[in-house]
Amino acid sequence: MPVAARLPALEEFETAHLAARLGSVGAAARELGISQQAASARIRAVEQRLGLALFTRSPRGVVVTARAAPVMEWIGDLLRAAENLAEGVASVAGRGHATVATSMTIAEHVLPAWIMALRGRHPGLEVSVTTGNTDEVIAAVLADEVQLGFVEGPAAPRTVETLPFAQDELVLVVPPGHPWAQRDGIAQDELRTTRLVLREAGSGTRQTLEAALPGLAPPLVELGTTAAVKAAALAGCRPTVLSRLAVRHELDDGRLVAVRVDGLELTRSLQVIRRPDRPVRGAAADLLDIALRRTPPAPGR
């Protein structure tokens, strides 16, 4: 008997798997945009075709039965395989959709050129981008919400696979009117005890600075985007530390001045991250290839 004749339809499998993940048939129905009655009918069809009760039901929701637990894992494998097939076919046909999460510096200064290169290869491919700090990007990858993540170091957890693609330099910058702008350099202790304008905790920039300079004073102002930090530093004539990629235009036109810190090097790796158990195919694979082949401008250029 053909396999298709022995198994439920993919949409029925998808509904059952989603109900298991959410713990609720109603929640699965809402996510799929169907009625709860239709979702229940799909789940019953799976149970009847497989001859196996998938859930125990209660007013609080549904729980996967012990016998169905491995079956639910196999259903997940099947759904991922189907998604990989759809992505691969779409890419071959010149279509496709990649989902990525990226930290602010890469989103603003690196990713746009990659997307243009991707569209140059395959005009029909699309990319959905969400931005956040490094911790948020890693969480999105681990939750399987996106296919790829792009972050700045210092390090990603072992639960994700990392592929470094470039080195980035952080620089201490001040507006021309700041006293440090007229000096040859400052000591590490002077920087450590100065309250800076900084990105929020969890950002790659903040993590790199705090790892290199333990005991850093609490920030004077803490902001959630690179652009906001830069604007606040300019407006308030306060020092900050940002990627050279993010401030290269302001350094070129004199609106900011780079200040050397004696004996302190602030370099970090720019990395692609992905789940090791999720193969990257289709449009996401094309974007990954471009990321690993196209290097951002080197620090200082």
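Modeller: We can start with the whole chain and then go to single elements and residues. This is a predicted model, where local features need pLDDT of at least 70, side-chain atom pairs count only at pLDDT 80 or more, and totals for chains, interfaces and linings use all residues. Residues are numbered from 1 along each chain as its sequence is written, and side-chain values use heavy atoms, with hydrogens and water left out.

Biologist: How many helices and strands does the chain have?

Modeller: There are 13 helices and eleven strands. Helices (H or I, at least four residues) and strands (E, at least two) are DSSP runs, numbered from the N terminus.

Biologist: Is the chain compact or spread out?

Modeller: The chain is more spread out than a compact globule, because its radius of gyration is 25 Å, well over the 19 Å that the globule rule gives for 301 residues. That radius is taken over C-alpha atoms, and the rule is 2.2 Å times the number of residues to the power 0.38. The C-alpha trace spans about 80 × 45 × 30 Å along its principal axes.

Biologist: And how much of the chain is buried?

Modeller: Of the 301 residues, 45% count as buried. Buried means under 20% relative accessible area, exposed over 50%, and partly exposed in between (1.4 Å probe, protein chains only).

Biologist: What share of the contacts comes from residues 24 or more positions apart?

Modeller: Those residues account for 73% of the contacts with a separation of 6 or more. A contact means heavy atoms within 4.5 Å.

Biologist: Let's move to helix α7. Which of its residues are buried?

Modeller: In α7, residues 111-121, the buried ones are L111, W114 and L118. They cover an arc of only 60° around the axis, which puts them on the same side of α7. The arc is that of the directions from the helix axis to the C-beta atoms.

Biologist: Why would residues three or four places apart point the same way?

Modeller: An α-helix has 3.6 residues a turn, so residues at that spacing point the same way.

Biologist: What does the buried side of α7 pack against?

Modeller: Its buried residues pack against several elements, among them β3 (97-102), α6 (104-109) and α13 (282-293). The face turned away from the buried side carries the exposed residues M116 and G120.

Biologist: What about T102?

Modeller: T102 is found in strand β3 and is buried, at 0% relative accessible area. Beyond four places in sequence, its contacts include L111, V129 and G132. T102 and G132 are 30 residues apart in sequence and 6.4 Å apart in space, C-alpha to C-alpha.

Biologist: Which strand holds V221, and what does V221 contact?

Modeller: V221 is in β8, residues 221-223. Leaving aside its neighbours within four places in sequence, V221 is in contact with L196, V197 and L198. V221 is partly exposed, with a relative accessible area of 30%.

Biologist: Last one: what is the phi of D144?

Modeller: Phi of D144 is near 65°, a positive value in a residue other than glycine. D144 lies in the loop between α8 (134-142) and β5, and at 37% relative accessibility D144 counts as partly exposed.
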